[in-house]
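Here's a quick tour of a protein with its ligand. Have a look at the sequence and model, then read on.

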Amino acid sequence: MTMHQEYYDVTIIGGGPAGLYSAFYSGLREMKTKIIEYQPQLGGKVQIYPEKMVWDVGGLPPTTGAQLMDNLVQQALTFDPTIVLNEKVTSITRMEDGSFRIDTASGEKHYSKTVIVAVGSGILKPMKLPIEGADRYELTNLHYTVTSLQHFKDKTVVISGGGNSAIDWANALDSIAKKVYLSYRKEELKGHEAQVTQLLDGPTECLFHTSITNLIANKQQDIISEVELTNHLDNTISHIKVDDVIINHGFDRDASLLDNSTVPITLKDDYFIQGNALSESTVEGLYGAGDILYHEGKLNLIAGAFQDAANAVNRAKRFIQPDAAANGMVSSHNDMFKERNKQLIQELVQ
Ligand SMILES: Cc1cc2nc3c(=O)[nH]c(=O)nc-3n(C[C@H](O)[C@H](O)[C@H](O)COP(=O)(O)OP(=O)(O)OC[C@H]3O[C@@H](n4cnc5c(N)ncnc54)[C@H](O)[C@@H]3O)c2cc1C
C-alpha cells in the first residue's frame, strides 16, 4: 500500500467536464491540484457520445464530443495538475486537523486540504443485453457506444432501446447506414420531442413492442449475422439480417462513494449533493460540482458544470486562504498568461 502523504490544496474526484474545469480554475487560483478518475481516460460521460455534435456550449461552434473532451483536457492540464487514472475513490474522511483523507479501491490514500466531488451520476457501466454469451460479440459487431459513425457506413444496423441515446443514434445513422431498425419493447419513446419527431418522420424502421431475444452468429468469425425479435403483443418471432447491433438500455450507476464516506456530503448554502440523506450539516472544505450537485436553477449540462466548478474552486480557495478574493479574476489577469497574452497581442497588431 502506498501512502500519498503529500498534501494537495484541492483534490477533485471525477474527470468529467466539472472535474476538468475545476482543475483549470484551481490552477488559475494558484492551488496545488489533483484529479482522481475511475476510468482509464478523462472526459466523463462525454465518453459515451464522442461522435455526437454538441451545439450548446457557449462560444463554441458545433463540436463533436471527442473534440470537446480534447479541448477540456488540454485546458485542464494548463497548470499541470496531478492526474490519477484507473482509481475508484471509495470514501472521504475528515481528519482531526480538518484536512481530508481520500481512500481508493486499490488501497491508496490521498491527502488534501479541500475536496471537490465531481462524480456526475457515479461510475457508469452500460446495461448489457440479457442474452447469455452476448459478450463475446463485443469485440466484433455488438456495441454499447458509438465511437465511429464511419464504421456504420452502408451497414444494416439494429438499435435496441427507446431513450435519448437510441433515438439520437438512429437519427445520426439514418443517412449513413444502409438501413436502421429501432427495436423498442414499448411504444412511447422517451426522447426529446424534436428528436422523436425526426425519428418518426425519417427512414428508420421502428419496431415497437419488440425485444432482441436471440443472436444468430456466423460461428467462424464470431459475428452476429441475424437478430431474433419477439413481439410482446402477439408473441410472434421475426428475424433481421444485420451487420451491427447497438444496445442503448441505459447505465448501471455505482454511487457507493456517497454512502461509504464518513463525512456527510452536504454542501453549504442550500447546495447539496443529490441522493444524500446522511445529514443536514455542512462540511467546510468539501464542495461539489457538475451533475452530482443539485440546487435551484441547476443545469445538468456542460455549461452548468462549468459554473459549479468555478463556484466550488472559489469556495475551496477561501477555505484555505480566508483573505483571498471571493471570486476569481478574469483569466487574462493571470500571471501565467502574461507571456502568451503579449504574444497574441503582437500577432494581432502585426
Ligand atoms: C447521451 C448524452 C448526451 C449529452 N449531450 C449533451 C449536450 O449535447 N450538451 C450538454 O451540455 N450536455 C450533454 N449531456 C450532459 C453532459 O454530458 C453532463 O451534464 C456532463 O458530462 C456532466 O459532467 P460531470 O463532470 O458533472 O459528470 P460526468 O461527465 O458524469 O463525469 C463524472 C466522472 O466521475 C468519475 N467518477 C464517478 N465516481 C467516481 C469514483 N468513485 N472515483 C473516481 N471517479 C469517479 C466518472 O468515471 C466520470 O468520469 C449529455 C449526456 C448524455 C448522457
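Is I345 buried or exposed? I345 is exposed, because its relative accessible area is 52% (buried means under 20%, exposed over 50%, partly exposed in between, with a 1.4 Å probe and protein chains only).

## Ground rules

This is a predicted model, where local features need pLDDT of at least 70 and side-chain atom pairs count only at pLDDT 80 or more, while totals for chains, interfaces and linings use all residues. Residues are numbered from 1 along each chain as its sequence is written, and side-chain values use heavy atoms, with hydrogens and water left out.

## Around the ligand

The ligand has 30 residues around it, and E37, K45, Y49, D56 and D291 come nearest (near means a heavy atom within 4 Å). By type, the shell splits into 13 nonpolar, 10 polar and 7 charged residues (Ala, Val, Leu, Ile, Met, Phe, Trp, Tyr, Cys and Pro count as nonpolar, Asp, Glu, Lys and Arg as charged, and the others, Gly among them, as polar).

D291 has a backbone N or O atom 2.8 Å from a ligand oxygen, and a polar backbone atom of A18 sits 2.9 Å from an oxygen of the ligand. For Y38, a backbone N or O atom is 3.1 Å from a ligand nitrogen.

## Out on the helices

Back to I345: this residue lies in helix α7, residues 338–349 (helices are DSSP runs of H or I, at least four residues, numbered from the N terminus). Helix α6, residues 302–320, holds Q307, which is partly exposed at 49% relative accessible area.

Terms used. Polar contact = N/O pair within 3.5 Å; in protein donor to acceptor, adjacent residues only side chain to side chain. Helix = DSSP H or I, 4+ residues; strand = E, 2+ residues; numbered from the N terminus.
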